[in-house]
Amino acid sequence: LFHLLLGDESGGILRFDLMCKLLDDYIHNSDPFYMRGLTLDDINDAVPRRLYKCSLEHLERRLKNCTHKGAFYSKMYPARGILAALKLALDFRPAFEMKGMVAVLAYSIFSEDLAKRFGWLLWHWARIHALILGICEFCTLWNLGYIHASRWRSTMLMQRIVGGIACIAVFVALTILSENQWVREEGKFVPDCEESLCKLSQELLPPIFLGFRAVYLLLLRNNVPLPFLRAQSAFPQASKDPKPKFKGEGDTAAFWKRVVYWLAVLLFCFVGEVYVVFPVMEGLSFDSLCSSRCEPVPWQSECVACYGSMFILYLMLFSMLAIDVFMGHVLFTSLVGIVLGTQRGLNGMRKAPDSAVFLSDSELGVGENNPRAGKLMQRVFGNGWRHTWNLICYRLWKEDLLSSAEADELMQMAAKSSSDKNPDAPFYLHTLHPVVRERLTFFFASLRTICEDRERMEENPPISHHGIFRTHDIMPLSQVLPAVNEEVILQDAFLTAQNGANLRWIIMKYPKEWQRLTARLAESNLLNRYLGKAQPKVSDKTRIEVRLWASMRSQTVMRTVQGAVNYHIALEANPTIVSPHSTIRKRDQLDKYVELVWSHQTHGEDNKKDCDVRRLLGLYEDYPIYLVFDLDMVHLTTLDRKVMGKMVRRRLREEMDVPDEYFDDTHFFDHFPFMSCKAMYKKRPLLEERRQLIQDLELSNLDGKFISSQVEAFDPTSVLNLEIVEAMPRRLSLMIGKNKGNLTQGKAGNQLMALRFCRGFALQAMDANMGSFIGEAFKVPMVLKRFQPRGSSRDRVTARLIGFREHIFTVAHGICGDINAVAEWCFGTSIQRVQTWLGVRMHYGHPDFVDLHWARNRGSMSKATPHINLSEDIYLGFNVKNRGEKSDHFDFLEWEKGREVSFNAASTFLYKISGGNIGVWRSKDLTESAMTLP
């Protein structure tokens with residue numbers, strides 16, 4: 001709205017009063033199912049799609065009218081129950097129509113009506129089909145009533161009206177003109193009429209109508225630009241490059257893939273219904289079972305069981321007719337996913353048996369299709385691949401996944417002198433830790449996949465090639481981590497509770513890592529000393545190391561931050577990005593290429609978690625990590641928030657160049673009580689620095705305990721180690737609504753707050769239960785280069801979303817974790833690669849890469865309307881596809897993610913997904929997608 005409410009006639013000044021009025025109206029009517037209830041889409045849709053054709057007066061009038069929704073107009077919003085189900089049925093009308101045609105054809109073959117009375121069957125089929133379709137076409141006018149009022153909606157309304165009239169005309173022609181007369185001649189039913197018009201309506205019109213509908217649904221819809229056939233996009237479209245750059249890409253290739261795929265699925269349904277579904281009901285009917293013993297009128301009969309049984313049987317029949325298409329979709333998705341994975345060499349690679357790896361880049365004995373691991377790394381990472389390999393081994397040792405001897409052996413085998421002397425000496429991965437074996441096996445398999453794609457390798461050569469590093473090929477990346485109540489670092493109280501049951505369980509799952517931790521820390525009897533059952537007790541440093549070790553093996557923010565920082569470490573290995581001899585700090589050198597924005601909106605309210613947040617920031621203070629939080633400048637409830645409030649006042653005073661009295665004299669914080677703040681960790685180890693900061697902030701009335709513990713003594717987790725970098729005043733809180741039951745989505749607001757401070761070209765939004773292997777971090781620049789062709793400008797972006805596969809690290813956390821991990825892998829990897837192959841992938845969720853400039857100028861990544869946008873992330877995929885953009889997916893990059901490991905947590909997650917699906921039913925996005933997507 002900030003950009004939309006700028007008027008030329010007002011000299012380019014923001015119409016702040018109009019925007020405030022609009023948002024106030026939304027707050028008081030934020031229940032979308034109330035009579036005058038509003039959604040955030042209502043406000044956006046009130047703005048014309050093409051602003052350059054809209055005057056300021058017209059804009060004001062439309063914004064004013066969108067807040068006055070009458071009784072009739074509000075009924076177009078499907079609130080609950082049957083109205084939402086009706087909206088879903090109308091949205092997917094073409095799919096139901098196509099599936100119904102297959103079912104009728106299957107039944108006609110099973111009952112032999114197609115052979116015995118072909119003309120009679122087509123006549124009845126076409127007549128009923130035209131009537132039902134005509135009714136549905138007119139019903140969709142109700143569905144379009146709350147879509148954006150634009151030329152697109154007018155076109156869609158005209159299409160529905162013309163389609164409804166045409167269908168009713170076909171029904172009338174088949175009903176009235178045919179005289180409904182059929183006779184049996186030579187075992188076949190033929191029309192009993194002499195008029196040519198009657199014969200035309202009975203013999204030619206039914207096959208023409210049904211054939212046109214089948215061809216239209218399968219081939220023409222949304223693909224051929226013919227009048228009233230191609231659905232127009234709901235949004236203005238920029239010109240696209242019609243020529244795909246690589247084979248197998250482009251709209252035409254995806255179109256034929258979709259046609260072949262759905263023909264196979266529908267053929268599966270057809271065969272299953274002819275030979276499985278309909279034979280089950282053979283001989284079962286009301287006449288055969290109930291006529292002799294029951295009354296002809298059901299509600300007067302005492303034989304309720306008979307009629308009830310038949311009703312249940314027919315209900316099961318219709319359920320099978322609806323489910324078989326889903327079964328076919330799952331079957332062929334699995335088959336195509338396996339085939340695609342096998343072709344790329346990435347199917348089931350994580351469970352490969354004893355794999356021999358040759359860590360040499362020698363050309364001796366190397367086949368073109370089976371290069372050595374060292375040669376693969378050289379082709380992908382350039383001549384500096386040994387430095388990359390040594391860093392991978394070092395980070396695996398730091399994670400306690402390799403012993404010192406194993407790390408040294410892996411580094412030595414890749415050394416130039418060793419590999420040249422004995423290039424055929426293999427290293428067997430089965431001797432390593434299972435996690436290391438899985439990571440390295442997939443790592444080398446993915447490098448082989450990258451190298452086999454020769455055309456893309458020529459278009460996007462390695463960033464490091466022949467010792468030359470091309471930093472201009474590295475797209476700046478902003479990593480966003482929205483986190484509120486998630487566990488940052490496991491607390492001592494949690495690990496030591498119940499005689500250390502939680503810590504003992506983690507040690508039971510990872511015994512080798514615990515042994516390596518004790519060896520790395522040079523500690524004996526570490527468990528009992530940590531639990532306080534043996535002397536001497538562990539030091540504070542060792543206690544922190546145990547907490548970090550346990551947190552890295554749980555679903556914590558610590559693991560996610562470490563995974564994000566792995567990409568920073570990978571970039572640090574590039575000497576043209578971070579020069580060890582430069583006078584510029586490493587953090588400032590990396591800041592041009594990557595940043596991690598940790599959006600923690602409630603920072604300052606929970607002392608224990610806040611200390612862990614700042615401790616984590618201190619661990620990675622050399623890397624560009626920023627903390628973004630929300631601050632209520634009027635109600636500073638805690639001491640930490642009061643200190644941060646003073647820091648914000650000082651930052652605003654410096655940026656606005658005003659005295660401190662200005663804020664009180666002008667009542668600045670009464671008009672803008674909320675503040676979005678971006679802070680960085682700045683260690684202040686010197687006593688003079690802390691005292692000077694207290695003096696500058698004018699904090700004279702501090703608590704004596706705070707002075708003694710955080711000012712007079714250095715505390716790395718103190719709030720005094722924060723430095724406010726940017727501050728953005730806001731009039732409204734992060735979540736708005738008339739009451740707690742109708743507040744906007746918190747996660748969407750958290751993401752939006754982070755996006756305001758992001759500076760990269762690409763964005764990676766992560767959840768607080770993720771992680772990554774540093775070997776995968778080295779491949780991130782190759783994926784980011786797929787956003788746009790090499791050497792092109794930002795106006796030739798090839799995709800708006802880029803996804804990649806996931807590995808569920810909680811697979812070893814019990815049977816429930818194993819089940820959820822398999823389900824997540826199937827959907828997040830196998831199904832995603834098939835959807836990309838068909839050209840219909842949208843947005844699975846995190847950790848996809850997003851075009852940051854595109855997302856920020858279209859209202860963030862998520863939507864926030866209460867009760868509707870519960871699954872907030874999926875609406876980014878709707879936004880991408882509804883605007884005619886592309887969402888891509890690559891198999892050669894893999895991120896780690898955690899899933900539920902208990903049945904209670906899994907039930908809660910499924911409950912959230914179910915509620916989110918109901919919200920999708922009610923959304924405008926689904927209706928727009930159903931009308932624009934193939």
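Me: What word describes how H20 and H23 lie to each other in this model?
Reply: Helix H20 (residues 492-509) and H23 pack with their axes 12 Å apart, at an angle of about 55°; helices (H or I, at least four residues) and strands (E, at least two) are DSSP runs numbered from the N terminus. Axes are lines fitted to C-alpha atoms, for helices over the stretch in contact, and angles run from 0 to 180 degrees between N-to-C directions. Angles under 35 degrees count as roughly parallel, over 145 as roughly antiparallel, 65 to 115 as roughly perpendicular and the rest as oblique. The two helices, H20 and H23, are therefore oblique.

Me: Good start! What kind of model is this?
Reply: Residues are numbered from 1 along each chain as its sequence is written, and side-chain values use heavy atoms, with hydrogens and water left out. Local features need pLDDT of at least 70, side-chain atom pairs count only at pLDDT 80 or more, and totals for chains, interfaces and linings use all residues, as the model is predicted.

Me: Back to that pair: how many charged residues are in the contact of H20 with H23?
Reply: On the H20 side we find Asp492, Leu495, Leu503, Ile506 and Ile507, and on the H23 side Arg543, Val546, Arg547, Trp549 and Ala550; contact means heavy atoms within 4.5 Å. Ala, Val, Leu, Ile, Met, Phe, Trp, Tyr, Cys and Pro count as nonpolar, Asp, Glu, Lys and Arg as charged, and the others, Gly among them, as polar. By that rule, the contact of H20 with H23 has seven nonpolar residues, no polar ones, and the number of charged ones is three.

Me: Is leucine 495 buried or exposed?
Reply: Leucine 495 is found in helix H20. Apart from neighbours within four places in sequence, leucine 495 touches residues including Tyr530, Leu531, Arg547 and Ala550. Its relative accessibility is 0%, and under 20% relative accessible area means buried, over 50% exposed, and in between partly exposed (1.4 Å probe, protein chains only). Leucine 495 therefore counts as buried.

Me: How is H14 placed against H15?
Reply: Helix H14 (residues 373-381) and helix H15 (residues 385-398) pack with their axes 9 Å apart, at an angle of about 110°. That makes the arrangement of H14 and H15 roughly perpendicular.

Me: Which residues in H15 meet H14?
Reply: From H14 come Gly374, Met377, Gln378 and Phe381. By class, the contact of H14 with H15 has four nonpolar, three polar and no charged residues. The H15 partners are Trp385, Thr388 and Trp389.

Me: What is the relative accessible area of threonine 388?
Reply: Threonine 388 has its place in helix H15. Leaving aside neighbours within four places in sequence, threonine 388 is in contact with Phe381 and Phe778. Threonine 388 is buried, with a relative accessible area of 7%.

Me: Within what arc do the buried residues of H16 fall?
Reply: In helix H16 (residues 404-414), the buried residues are Glu406, Ala407, Leu410, Met413 and Ala414. Seen down the axis, they line one face of H16, because they fall within an arc (taken from the directions from the helix axis to the C-beta atoms) of 135°.

Me: How many of the 10 residues of helix H32 are buried?
Reply: The buried residues of H32 include Ala748, Gly749 and Leu755. They pack against several elements, among them strand S7 (477-482), strand S8 (594-599) and helix H36 (852-856). Helix H32 (residues 746-755) is mostly covered, and its count of buried residues is seven.

Me: Which peptide bond is cis, with omega near -5°?
Reply: Most residues other than glycine have a negative phi, and most peptide bonds are trans. Proline 536 lies in the loop between helix H22 (526-530) and helix H23 (540-551). The cis bond runs from glutamine 535 to proline 536.

Me: What is the relative accessibility of aspartate 657?
Reply: Aspartate 657 has a positive phi of about 55° although it is not a glycine. Aspartate 657 lies in the loop between helix H27 (639-656) and helix H28 (661-665). Aspartate 657 counts as exposed, because its relative accessibility is 71%.

Me: To finish, what share of the 934 residues of the protein chain counts as buried?
Reply: The protein chain has 39 helices and 16 strands. Among its contacts between residues at least 6 apart in sequence, 77% join residues at least 24 apart. Of the 934 residues, the share that counts as buried is 52%.
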